[in-house]
Amino acid sequence: MEILIINSGSSSLKYQLIDSKTGESKAKGIVDRIGIEGSLIKYVAVKDGKEVERKKEVPIPTHEVGMNLVTEFLTDPEVGVIHNPEEIKGVGHRVVHGGEKLVQPTVIDDAVVEEITRIIPLSPLHNPGHLEGIRVARKLFNKATHVAVFDTAFHQTMPPKAFRYAIPNEYYEKYGIRSYGFHGTSHKFVDAEARKYLNNPHIKNITIHLGNGASMAAVNQNGECIDTSMGLTPLDGLIMGTRCGQIDASVAFFLGQELGLSFEEVKTIFNKKSGMLGLTGYSDARDVAAKYHAGDANAQLCYEMYGYRIQKFIGAYTAALNGLDSIVFTAGLGENDALTRSFACRNMDFFGIKLDEKKNEELNHPKAPVEIQAADSRVKILIIPTNEELQIVNEIVGLVK
């Protein structure tokens with residue numbers, strides 16, 4: 001059964017067609033710069049055992065035009081992998097924020113669309129783009145079952161002591177201001193992979209998703225998330241590519257009152273000008289690593305701060321779990337940056353965390369789960385490639401059937 005996975009943003013639309021029986025990707029790509037000059041579509045597929053790639057630069061004023069281009073490539077006689085859109089039986093939509101009501105994969109109907117719309121204030125940067133992708137896809141693939149999978153869902157097992165903020169109750173009760181957490185699809189996937197790989201369904205596990213956005217989750221012996229580093233929005237927690245992560249709220253007051261910055265300007269600083277970018281001038285860890293190895297003091301401090309923030313959450317989550325069996329690194333930096341993993345695991349002997357630096361370097365970029373802990377480490381240290389699209393497929397197949 002063919003499942004199309006869609007991740008629709010405000011000006012982009014990522015897509016992937018997956019065979020639900022084999023888990024193999026048949027085609028994937030991105031429609032980029034929608035409504036912006038220089039728009040284009042990229043398409044990569046496996047056709048007759050060979051990889052084919054196409055790129056087309058063309059005006060793409062709307063998501064609907066972009067999705068039509070995706071359909072044209074998928075059904076193209078030369079590079080397409082299906083004959084007509086009706087072969088797609090299910091469409092999975094990644095939605096960042098589901099609030100407190102949408103806590104599991106959900107077949108999309110008008111009521112679900114209404115709820116995603118209602119909670120736009122909780123995710124103003126993401127949910128409007130998701131809704132546009134849903135609207136267009138439901139129109140073009142009207143024979144398919146459409147399912148929304150929410151980034152926040154995996155974290156909804158957190159207890160109130162973990163997700164509530166110590167502010168007046170009315171702000172939670174009326175407006176839903178609380179910690180929701182994000183990257184849930186990735187955390188859920190790699191946690192399940194760790195349990196399978198270690199042949200132990202009852203591990204106490206910390207999952208560490210390190211991409212341009214970064215977050216951690218504490219997952220108990222029942223496979224339930226009990227705490228996570230992101231909060232009401234993806235801004236909280238770890239240092240990220242352009243986001244500051246955890247910060248004293250008074251910094252916002254200072255920037256507003258003392259420097260005369262507006263709410264919008266402060267939000268832009270925290271979300272788009274901070275993190276690695278604010279510390280080094282670069283938001284891509286590859287650039288920061290090059291500067292680090294060249295002896296740049298700002299890059300060296302950045303890596304120290306980045307690793308130290310991860311370590312603090314490891315300590316906190318080990319306490320919350322009352323023990324620790326494994327930690328998992330995943331996503332762009334987690335899978336591919338040995339230096340990041342090294343800084344995150346240094347001087348953690350008290351917790352039973354000891355990295356084998358040689359393995360850490362040699363087993364970089366793995367295609368399957370690998371262990372990189374030292375022989376005398378009590379805690380398993382794993383690198384597990386994430387696959388959010390496959391996780392979405394796994395979650396929606398039953399609903400589609």
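**Contacts, cores and strands**

Colleague: Which residues does glutamate 100 touch, not counting residues up to four places away in sequence?
Modeller: In this predicted model, glutamate 100 sits in the loop that joins strand E6 (88-95) to strand E7 (106-107). Its relative accessible area is 38%, so glutamate 100 is classed as partly exposed. Once residues up to four places away are set aside, the residues that glutamate 100 touches are Gln156, Phe163, Tyr172, Arg178 and Tyr180.

Colleague: With the side chain of which arginine does the side chain of glutamate 100 make a polar contact?
Modeller: Both Tyr172 and Arg178 are among the residues touched by glutamate 100. Its side chain makes a polar contact with the side chain of tyrosine 172, at 2.8 Å. The arginine whose side chain makes a polar contact with that of glutamate 100, also given as 2.8 Å, is arginine 178.

Colleague: Which residue does UniProt list for "active site", and with the side chain of which arginine does the side chain of aspartate 151 make a polar contact?
Modeller: The UniProt record, an unreviewed entry, lists Asp151 for "active site", and in the model this residue lies in the loop between strand E8 (145-150) and helix H4 (160-163). Aspartate 151 counts as buried because its relative accessibility is 1%. Beyond its neighbours within four places in sequence, its contacts include Val95, Gly181, His183 and Thr185. The polar contact from its side chain, at 2.4 Å, is made with the side chain of arginine 94.

Colleague: Is histidine 63 buried or exposed?
Modeller: Histidine 63 belongs to helix H1 (residues 63-74). Leaving out residues up to four places away in sequence, histidine 63 touches several others, among them Ser8, Leu13, Ile34, Glu132 and Val136. Its relative accessibility is 6%, and the limit is under 20%, so histidine 63 counts as buried.

Colleague: Which element supplies the largest share of the largest nonpolar core?
Modeller: That core has 43 residues, and those with the most contacts inside it are Ile314 and Ile327. At least two residues each come from several elements, including strand E9 (205-210), strand E12 (326-330), helix H10 (285-293) and helix H11 (297-321). The largest share of this core, nine residues, comes from H11.

Colleague: Which cysteine is in contact with isoleucine 327, leaving aside its neighbours within four places in sequence?
Modeller: The contacts of isoleucine 327 include Asn205, Ile206, Ile314, Ile353 and Leu382.

Colleague: How many disulfides does the count come to?
Modeller: A disulfide would need two cysteine sulfur atoms within 2.5 Å. For cysteine 225, the closest cysteine sulfur is that of cysteine 345, and at 20 Å this is too far for a bond. For cysteine 345, the closest cysteine sulfur belongs to cysteine 302, and at 17 Å this too is too far for a bond. The count of disulfides comes to zero.

Colleague: Which strands stand at the edges of the six-stranded open sheet?
Modeller: The sheet is open, its pairing is mixed, and its six strands run in the order E11-E10-E9-E12-E14-E13. Each edge strand has a single partner strand, so one of its sides is left without a neighbour in the sheet. The strands at the edges are E11 (225-228) and E13 (370-371).

Technical notes
Residues are numbered from 1 along each chain as its sequence is written. This is a predicted model: local features need pLDDT of at least 70, side-chain atom pairs count only at pLDDT 80 or more; totals for chains, interfaces and linings use all residues. Side-chain values use heavy atoms; hydrogens and water are left out. A nonpolar core is a set of buried Ala, Val, Leu, Ile, Met, Phe, Trp, Tyr and Cys residues joined through side-chain atoms within 4.5 Å. Buried means under 20% relative accessible area, exposed over 50%, partly exposed in between (1.4 Å probe, protein chains only). Helices (H or I, at least four residues) and strands (E, at least two) are DSSP runs, numbered from the N terminus. Contact means heavy atoms within 4.5 Å. A polar contact is a pair of N or O atoms within 3.5 Å; within protein, one must be able to donate a hydrogen and the other to accept it, and residues adjacent in sequence count only if both atoms are side-chain atoms. Two strands pair if DSSP finds at least two bridges between them. UniProt positions are given in the numbering used here, feature names are shortened, and annotations may be inferred rather than shown by experiment.
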